[in-house]
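Here are my notes on the model, as numbered points. Please read them with the structure open.

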Amino acid sequence: MLDDFVLRALLGGVGVALIAGPFGSFVVWRRLAYFGDTMAHSALLGVALGFLLHLNLTFAVILVCQMLALLLFFGQRQRFLASDTLLGIFSHGALSIGLVVLASLDGVRVDLMAYLFGDILAVGRADLGWIFGVGGVVLAGLLWLWRPLLAITVHEDLARVEGVAVDRVNAAFLLLIALTVAIMMKVVGLLLVTSLLIIPAATARRFACTPEIMAVFASLIGCCAVGVGIYGSFHFDTPAGPSVVVAASLLFLLGLLFPQRVNEGSRKVR
Amino acid sequence: MSSPEILLELTAITLIRGRRHLLQDIDLQLARGEIVTLIGPNGAGKTTLLRVALGLLAPTSGEVQRKAGVRIGYMPQQLQIDPTFPLTVKRFLAMNNRAQQERMLPLLEEVGADQVLDSPLQNLSGGEMQRVLLARALLREPELLVLDEPVQGVDVHGQIDLYQLISRVREQRNCAVLMVSHDLHLVMSATDRVLCLNGHICCSGTPEAVTSNPAFIEMFGLQAIESLAIYSHDKNHRHDNCSGCKDGSHAR
């Protein structure tokens with residue numbers, strides 16, 4: 001018989017994995033892994049701000065992530081700094097400011113490990129509400145942007161010439177990613193958010209021949225990783241967030257045993 | 001014969017980035033049924049001018065006028081698709097074009113790439129990729145085709161084929177073509193007008209007129225020497241005592 005908190009952990013993990021699949025696919029296709037990291041690191045600043053201003057922590061995290069997404073959207077248009085340098089500054093700057101502020105708060109004792117590596121076993125009803133409520137909205141938004149986003153992923157200028165509102169779609173996508181990161185943080189922690197985005201997607205690549213199949217497979221593989229990870233964590237008394245990521249990594253390695261499924265053989269011979 | 005409809009008109013286009021004048025005072029008119037080719041050395045602003053013409057880049061000064069509602073087919077220089085992005089040619093062609101499947105195959109046959117319909121985009125050869133890109137541009141039934149180095153990464157035979165294909169497309173559809181070419185010679189048989197670009201317009205006109213223009217000879221003479229220099233025995237050769245190259249005798 002499952003304990004209540006294990007059930008909640010599973011539900012939360014599955015919810016997060018479902019969202020992470022399609023977003024992670026885009027993160028992989030568009031090489032945004034570092035961008036995801038930056039978003040996640042800034043979440044700690046959100047936590048600190050939440051404590052400082054007595055805000056709901058999830059809300060504060062979402063707020064900071066959104067603001068950073070906008071900053072980066074405009075920041076990447078300048079040509080002064082390469083975008084990975086810019087991301088590095090934002091990423092580590094935000095993380096460090098968050099740590100400094102948290103450490104200097106009087107009378108606040110924060111379980112830093114829970115924020116850095118997640119505390120999936122402490123997922124409560126309210127958290128599930130956030131995950132499935134915001135998660136549903138985020139997935140709906142991605143579905144709405146799906147076709148133009150694919151077009152932009154192939155070639156931005158081509159998409160623009162063909163009438164896609166590239167800037168608007170990109171900005172909306174960044175905001176959705178920020179929301180995703182904010183709710184994922186609960187489960188795997190801000191240091192491991194990117195891993196749950198990219199590892200299942202990278203695993204799914206071998207088995208997919210369309211973008212949609214890859215996104216769905218990534219979700220399913222993520223769910224598997226959550227199940228295996230939580231079971232393992234329970235069984236071996238290991239930290240849950242990292243266990244989920246270990247499970248995802250093992251699944252990735254397992255996937256390498258299968259031949260890559262691309263339809264290379266389908267070329268007709270004239 | 002009534003004068004054909006103007007689809008694109010650039011007037012006094014200047015583009016300054018920082019202190020560099022990327023484009024300087026460029027005029028260009030493109031009429032229906034006409035093929036105009038931009039040639040010039042690396043960094044001459046060819047692609048920049050295309051992007052200005054497409055409205056992707058705002059010029060510092062000058063005016064871009066496209067015929068209202070003109071349908072544009074654009075073939076970008078290169079697709080850089082991540083190997084993790086699973087995309088077949090069929091899916092690529094269907095993107096952004098509410099094109100029916102039944103139009104796809106005849107078009108691929110027309111450009112000579114029907115055998116790759118179900119292949120992943122990443123598996124195409126250079127020539128196949130260019131043909132598929134052209135097919136995607138043609139799916140929009142364009143009045144104006146904008147091609148950025150359409151023969152890039154294609155061997156010489158393939159280049160001749162592609163230029164012939166572009167001429168055929170123009171004849172059959174009576175669309176205007178604006179293209180960028182790196183190649184100096186093959187393209188001459190496939191174009192009505194040449195614009196020789198090096199930040200500003202060095203010279204322009206029919207291929208015959210341009211190839212005898214001193215400015216053209218100077219530019220291509222130099223460029224021919226530069227490309228020949230790879231095979232040259234004398235690393236310290238100087239352009240000014242290499243007069244043989246200037247008359248274009250190395251032109252192939």
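1. Start with one strand pair. Strand 5 and strand 6 (residues 144-148) of chain B run parallel to each other, paired over four bridges. Within this pairing, B:Tyr74 sits opposite B:Val146 of strand 6 of chain B. Keep in mind throughout that this is a predicted model.

2. A helix covers this pair. Helix 4 (residues 126-139) of chain B lies across strand 5 and strand 6 of chain B. Its direction makes an angle of about 165° with strand 5 of chain B.

3. In chain B, six strands form an open sheet in the order 5-6-7-3-8-9, and the pairing is mixed. Strand 5 (72-75) and strand 9 of chain B are the edges; each has a single partner strand, so one side of each has no neighbour in the sheet. On average, neighbouring strands are turned by 15° against each other, direction ignored. As background, strands in a sheet pair through backbone hydrogen bonds, in either a parallel or an antiparallel sense.

4. The chain as a whole. Chain B holds eight helices and nine strands. It has 252 residues, and 40% of them count as buried. Take the contacts in chain B between residues at least 6 apart in sequence: 67% of these join residues at least 24 apart.

5. The domain division. Chain B splits into domain 1 (6-203) and domain 2 (213-252). Seven residues of domain 1 of chain B and eight residues of domain 2 of chain B make up the contact. On the domain 1 side, strand 8 (193-198) and strand 9 (200-205) of chain B each supply at least two residues. That side of domain 1 of chain B has five nonpolar and two polar residues, with no charged ones.

6. The core. Which residues touch the most other members of the largest nonpolar core? They are A:Ala43, A:Cys65, A:Val181, A:Leu196 and B:Val146, out of 157 residues in this core. Helix 8 (residues 166-188) of chain A gives the most to the core, with 13 residues. Domain 1 (6-203) and domain 2 (213-252) of chain B both contribute residues, so the core lies between them. In soluble globular proteins, nonpolar side chains tend to be buried together.

7. Two core residues deserve a look. B:Val146, one of the residues with the most core contacts, is the residue that B:Tyr74 stands opposite. Leaving aside residues up to four places away in sequence, A:Ala43 touches A:Val61, A:Val64, A:Cys65, A:Val181, A:Ala182, A:Met185 and A:Leu190.

Methods. Residues are numbered from 1 along each chain as its sequence is written. Chains are lettered from A and ligands numbered from 1 in the order in which they are written. This is a predicted model: local features need pLDDT of at least 70, side-chain atom pairs count only at pLDDT 80 or more; totals for chains, interfaces and linings use all residues. A nonpolar core is a set of buried Ala, Val, Leu, Ile, Met, Phe, Trp, Tyr and Cys residues joined through C-beta atoms within 7 Å. A residue is buried if 20 or more other C-beta atoms lie within 10 Å of its own, exposed if 12 or fewer, and partly exposed in between; C-beta atoms are placed from the backbone. Domain bounds come from an automatic or database domain assignment. Two residues are in contact if their C-beta atoms, placed from the backbone, lie within 7 Å. Ala, Val, Leu, Ile, Met, Phe, Trp, Tyr, Cys and Pro count as nonpolar, Asp, Glu, Lys and Arg as charged, and the others, Gly among them, as polar. Two strands pair if DSSP finds at least two bridges between them. Axes are lines fitted to C-alpha atoms, for helices over the stretch in contact, and angles run from 0 to 180 degrees between N-to-C directions.
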